[in-house]
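Hi everyone, thanks for coming. Let me put today's structure on the screen, and then we'll talk about its cavities and disulfides.

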Amino acid sequence: MPLYLPPDNSSFPRSVPIMVNRLLLALLCVSALSSAQSDAGKPVIQLRLGGEKRKHYEGRVEVFYNGEWGTVCDDDFSISAAQVVCRELGFMDAVSWAPSAKFGRGEGRIWLDNVHCTGAEKSLAQCESNGFGVSDCKHSEDVGVVCSQKRIPGFKFIRNQAVGGEGLTVQVEEVRIRATYSHRKRIPITEGFVEVKDGGKWRQICNEDWTEMNSRVVCGMYGFPGEKPFNVRPYKLLAKRRKKNYWGFSVNCTGNEAHLSDCKLGKEIQLKGNNTCRRGMPAVISCIPGRAFAPSVSVGFRKAYRVEQPLVRLRGGAMIGEGRVEVLKNGEWGTVCDDNWDIRAATVVCRELGFGSAKEALTGGRMGQGVGAVHMNEVQCSGFEKSLTECYFNQDSIGCSHEEDAAVRCNVPAMGFHSRLRLSGGRNPYEGRVEVLAERNGSLVWGSVCSDSWGTMEAVVVCRQLGLGFASHAFQETWYWEGDSSASSVLMSGVRCSGTELTLDQCLHHGKHVSCPKGGGRFAAGVSCTQTAPDLVLSAQVVEQTTYLEDRPMYSLQCAHEERCLSSTADKADPSSYRRLLRFSSQIQNNGLSDFRPRASPQSWVWHECHRHYHSMEVFTHYDLLSLNGTKVAEGHKASFCLEDTHCDEGIQKRYECANFGSQGITVGCWDTYRHDIDCQWIDITDVKPGDYFLQVVINPNYEVAESDFTNNIMKCRTRYDGHRIWTYNCHIGGTLSSDVEDTFPGLLTNQLSHR
């Protein structure tokens, strides 16, 4: 408000306007003071997320007030209140909230009850409630929240001096490892200064109170299983020359945290310009990369790792570093029940496998359901175990089913894989023509990939490299996707992948000597990716229990002969002669996360007049009899004339039925049964001599339909034939036994077939 002084010739005495001005100033001061008091009228609090977490951006809401940590009751809590909590902690938004102590029961006081927020409040203390400490709740009603992963840009952590800081967690916008100039071209970056982003600015951390445990946590965040010593001298020299901007706090990690935000805030650092951190320097870390990410220039690195039979593995994940957790016990792989499964146990798994800490501990069969036994239940880890098998667990898994299989997503190093590959021309980011970045004539250029031999396994690697999930389809013609006209030249040909590679250039290919008779353009390779995939598994028990021999006359096998279901000697056989058939039933279940559907549309299904049905997949299964050295002595195959839901798990509705030219497929949680008395459900062993053999069944052998796991598509049994009778025993699915046991079953480890 402007202050008015009248001119000298005014009729008012000079003392009057001065008194008015003083009065106005006094009123302004009173107004400002009352405003300040109204803000100060709300209690000052600090928040943190605690409890049994499965990811670092979720947890039980804990409030520090009046020198004591306490919890919040779930009565009347809402998503608006969760949004206030998450934003106060520096997250962009809230995803959900959870009542009834989902993240475990807290301790101490229940500070807030009947909380009502509009969502616009800047602090939970500003929301309406019964008042601090006024509650009729128990800790079984403690509320929790799940926040979005994204942090608020420019978020600045403020520790309220009125509250103190005991037990506060680190709350910053971002953390990074800033490499020196000489290390910035190395992939992955494993060493450098630790910096945190607070208030929109990157700041160093004083190393006076920095510990190895702090380094261990930051290394884990960046995908590295551990930390190692380093030469500090060059960093000291660099720190002396470089302008420093320190963060105002130290960090106190115990070492078993999955993320720096779970670490406790240390003491406050006095910021005195150049005199800050006088006895130290900016904190530096050096991390050990896992075996899969070790720099190729690291001489002798491979010798440091002894390749042994692992005790833990991941299955069913689309990306490297994620999947269903499986453990080896008594030579047999089994799963882990998700009771008490948390981010600490998940981090032990991730570090054991050469990754960093866990991003997320997954429950409820989120990475598909396994097969075999459930080996571990109620796992409890300290976080420092070398292996999950060292953690405390309950061997009794009564009540656990594969619907409760535990899984993990691990932090992996930034390798820059996605920068050398792209999809172009698709209708959405998950599909398009595959284009690669390659060096030609001294410069990097984009180009297409030849589609000769291009198939599902190649698509699997592309989708993984781009972080787009599972492969859905592989395309050998892409004329409908325009792509980038400047990238029409073929830069890669002869690509053959096993499906385990991290990048497309790790697959076999022609290198710089490109050979592509069809050329690029409309024949450039393409893919489509998806977030979920089916996973077919054959019941080994059903095969073992239903195997028998049948001698059948040739004249009753005309349709089967026409569909090439008999051995080649049947072509010259007398119509009155008999064929000896090894018959069995097959029950195929979909344990994945999406339905198994034939790739071909119904309009392109092939009609077979003799059997009077359509084939939606010309080759759905291979049946082979192998000698003990793996040589094929008899074979059979089965077309999918009817893919349907024969039976389903309780609570799952059948979706596919073949009658009346209906849609074909296998729903998640359902299985398709081919009975032993159906045509072609056999191997013709008429010409086989008595002896010991392997019976092998392979589902989806040509990888025509993409799945989340192909290793379990193969099944083998030991078989003894004496010329009159047959015995089948020790049937098991590929990948269910240790490598020592499976050495006696050729082909089980790789699932590589003689023809693709």
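How do the residues lining the largest cavity divide into nonpolar, polar and charged? There are 2 nonpolar, 7 polar and 6 charged, where Ala, Val, Leu, Ile, Met, Phe, Trp, Tyr, Cys and Pro count as nonpolar, Asp, Glu, Lys and Arg as charged, and the others, Gly among them, as polar.

A quick word on the source: this is a predicted model, where local features need pLDDT of at least 70 and side-chain atom pairs 80 or more, while totals for chains, interfaces and linings use all residues. Residues are numbered from 1 along each chain as its sequence is written, and side-chain values use heavy atoms, leaving out hydrogens and water.

Back to that cavity (on a 1 Å grid over the protein atoms alone, a set of points where a 1.4 Å probe fits but cannot get out; lining residues have an atom within 4 Å of a point). It holds about 110 Å³ of space, a volume being the space filled by probe spheres set on the points, which are joined across faces, edges and corners. Of its 15 lining residues, Arg313, Arg324, Glu326, Val371 and Thr736 lie nearest the centre.

Now, the disulfides, meaning cysteine sulfur pairs within 2.5 Å. The whole structure has 15. One of them joins Cys450 to Cys516, S to S 2.1 Å. The torsion about their S-S bond is about 80 degrees, so this disulfide is right-handed. Both Cys450 and Cys516 are buried, that is, under 20% relative accessible area with a 1.4 Å probe, protein chains only.

Technical notes
1 Å grid on protein atoms, 1.4 Å probe; cavity = no way out; pocket = protein on both sides within 12 Å on 5 of 7 lines; lining within 4 Å. Buried < 20%, exposed > 50% of the residue type's maximum accessible area, 1.4 Å probe, protein only.
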